[in-house]
Amino acid sequence: MRNLCIVGLQWGDEGKGKIVDFYADRFEGVVRYNGGSNAGHTIVIGGRMFVFHLLPSGYLKKKKLLIGPGVALDPLTLDGELQLVRNEGGEADLLIDERCTLVTPFEKQMDAFIETLRGENALGTTKRGIGPSYAMRALRLTPRAGDLVNGTFDMDAAISFYKTFMKDLPDLGPWKEESRKVLAGRTGNVGESIMAMNEAGHSVLFEGAQGVLLDLVYGTYPYVTGAHTIANYVPAGLGIPNTSLGDVMGVAKAYTTRVGGGPFPTEILGETGEKIRTEGKEYGATTGRPRRVGWLDLVGLKYAVRLNGVSELALTKLDILAKVKEMKVCIAYSIDGEETSNFSRALPKLAAAKPVYMDMPSFFGVELREHQLPGPAQNLVEFLENELKVKVTLVSMGEERSATMKRHA
Ligand code: IMP
Ligand code: MG
């Protein structure tokens with residue numbers, strides 16, 4: 001069996017964690033390849049909610065867990081998650097790549113500092129230090145996970161740099177000591193480990209964080225995260241050959257959400273938006289912020305499917321649409337009187353884009369039962385398959401693990 005990448009096709013929070021959990025059984029390991037503790041992956045089992053920020057969502061299926069070099073690693077956040085797991089009587093089988101970029105308290109401070117400098121144009125970051133950590137890596141100032149464990153940790157130049165614009169830097173000593181303990185015995189070479197699993201005939205699942213439209217280069221810059229979010233980044237983010245990427249499953253919510261600032265053409269303001277937010281529990285899993293809510297945007301989806309080479313789709317949260325009377329899908333944008341359905345072309349002027357909607361049969365009041373797709377839902381699925389030219393192989397109609405339906409073998 002081939003490896004599989006699960007990637008978010010919108011602005012994150014598409015329900016990737018749930019899909020990873022659903023599929024994990026078939027795989028030997030689950031691997032994070034990008035982002036950091038800005039992610040919040042929520043899984044509900046038997047009414048209990050689990051939220052992971054750094055630990056791959058395959059934990060609940062007792063899989064081998066790997067955190068690749070493309071991840072910005074905050075050892076203390078990871079420690080918190082490992083403690084939670086231990087309190088449950090569990091133990092995570094975790095390998096962290098030595099080359100992971102570290103997030104120290106300084107990068108978090110810098111994240112908050114830059115947001116303040118931006119004033120009204122703040123990005124609305126999660127303040128988890130993700131952007132600064134990748135930036136410090138590009139400046140070759142930040143140490144890596146392996147440096148902490150191997151005794152080659154040196155932040156002297158970084159601290160001199162920070163002192164030029166930040167006051168009252170805390171002593172890094174205690175952080176360093178604690179972090180070293182978290183990482184000790186857990187670091188190694190993730191790419192090599194994946195290749196060995198593949199060579200032994202086992203496949204792995206790549207768990208994406210955030211979504212395509214938050215990609216540092218291909219998203220809605222500057223309102224993006226500090227890393228690549230696209231599936232194309234898997235081989236580079238993990239140190240494995242391109243041929244090991246395998247299949248790409250795109251995850252899209254049946255509507256759209258976005259946390260933080262930036263253009264959002266299909267945003268719904270007012271009562272319907274509020275209803276979807278409440279029913280869909282659309283509050284950030286990392287920061288608790290209310291998520292902005294909008295209709296499904298086919299223009300963005302087409303772009304994301306094409307760019308990532310998506311081979312199949314998972315559509316999530318269809319049940320939430322049964323709580324609202326309207327049902328729309330955006331099929332094009334109108335920008336300065338011109339219509340386009342080409343997202344790349346629209347990107348530079350996305351803030352001025354007015355959505356062109358197609359009304360769809362409403363889901364209102366329809367009962368979504370396990371293993372049955374009622375008319376309006378079937379209609380939406382077929383519409384998306386026709387437009388996007390990929391099969392919708394999974395449909396999720398509730399937060400429970402059991403409310404995920406397979407459509408094709
Ligand atoms: P950062 O990743 O903390 O730098 O935040 C940059 C932007 O990405 C902000 O708009 C965040 O709200 C958004 N963001 C980062 N991580 C996630 C996520 O996991 N889900 C949704 N939005 C995210
Ligand atoms: Mg999330």
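Does Phe 106 count as buried or exposed? Phe 106 counts as buried because its relative accessibility is 1%, below the 20% cut-off. The model described here is predicted.

**Aromatic pairs**
- The count of aromatic pairs comes to 11.
- Phe 106 and Tyr 162 form an edge-to-face pair, because their ring centres lie 5.5 Å apart and their planes meet at 65°.
- Phe 106 belongs to helix 3 (residues 105-118) and Tyr 162 to helix 6 (residues 156-163), so this pair ties together parts 56 residues apart in sequence.
- Tyr 162 also counts as buried, at 0% relative accessibility.
- The rings of Phe 153 and Trp 175 are tilted, because their centres are 6.3 Å apart and their planes at 45°.
- Phe 153 lies in the loop between helix 5 (145-150) and helix 6, and Trp 175 in helix 7 (residues 173-183), so the pair joins parts 22 residues apart in sequence.
- Both Phe 153 and Trp 175 are buried.
- A cluster linked by ring pairs comprises Phe 106, Phe 113, Phe 161, Tyr 162 and Phe 165.

**Second largest pocket**
- The second largest pocket holds about 220 Å³ of space.
- Strand 4 (48-52) and helix 2 (75-87) each supply at least two lining residues, and strand 4 gives the most, with five.
- The lining comprises eight nonpolar, no polar and four charged residues.

**Thr 286**
- Thr 286 is located in the loop between helix 10 (271-279) and strand 13 (292-294).
- Thr 286 is buried, with a relative accessible area of 16%.
- Its side chain makes a polar contact with the side chain of His 53 (3.3 Å).

Note on methods:
Residues numbered from 1 in each chain as written. Chains lettered and ligands numbered in written order. Predicted model: local features only at pLDDT ≥ 70, side-chain atom pairs only at ≥ 80, totals over all residues. Heavy atoms only, no water. Helix = DSSP H or I, 4+ residues; strand = E, 2+ residues; numbered from the N terminus. Buried < 20%, exposed > 50% of the residue type's maximum accessible area, 1.4 Å probe, protein only. Polar contact = N/O pair within 3.5 Å; in protein donor to acceptor, adjacent residues only side chain to side chain. 1 Å grid on protein atoms, 1.4 Å probe; cavity = no way out; pocket = protein on both sides within 12 Å on 5 of 7 lines; lining within 4 Å. Points joined across faces, edges and corners; volume = space filled by probe spheres on them. Nonpolar A, V, L, I, M, F, W, Y, C, P; charged D, E, K, R; others polar. Phe/Tyr/Trp six-rings, centres within 6.5 Å; stacked < 30°, edge-to-face > 60°.
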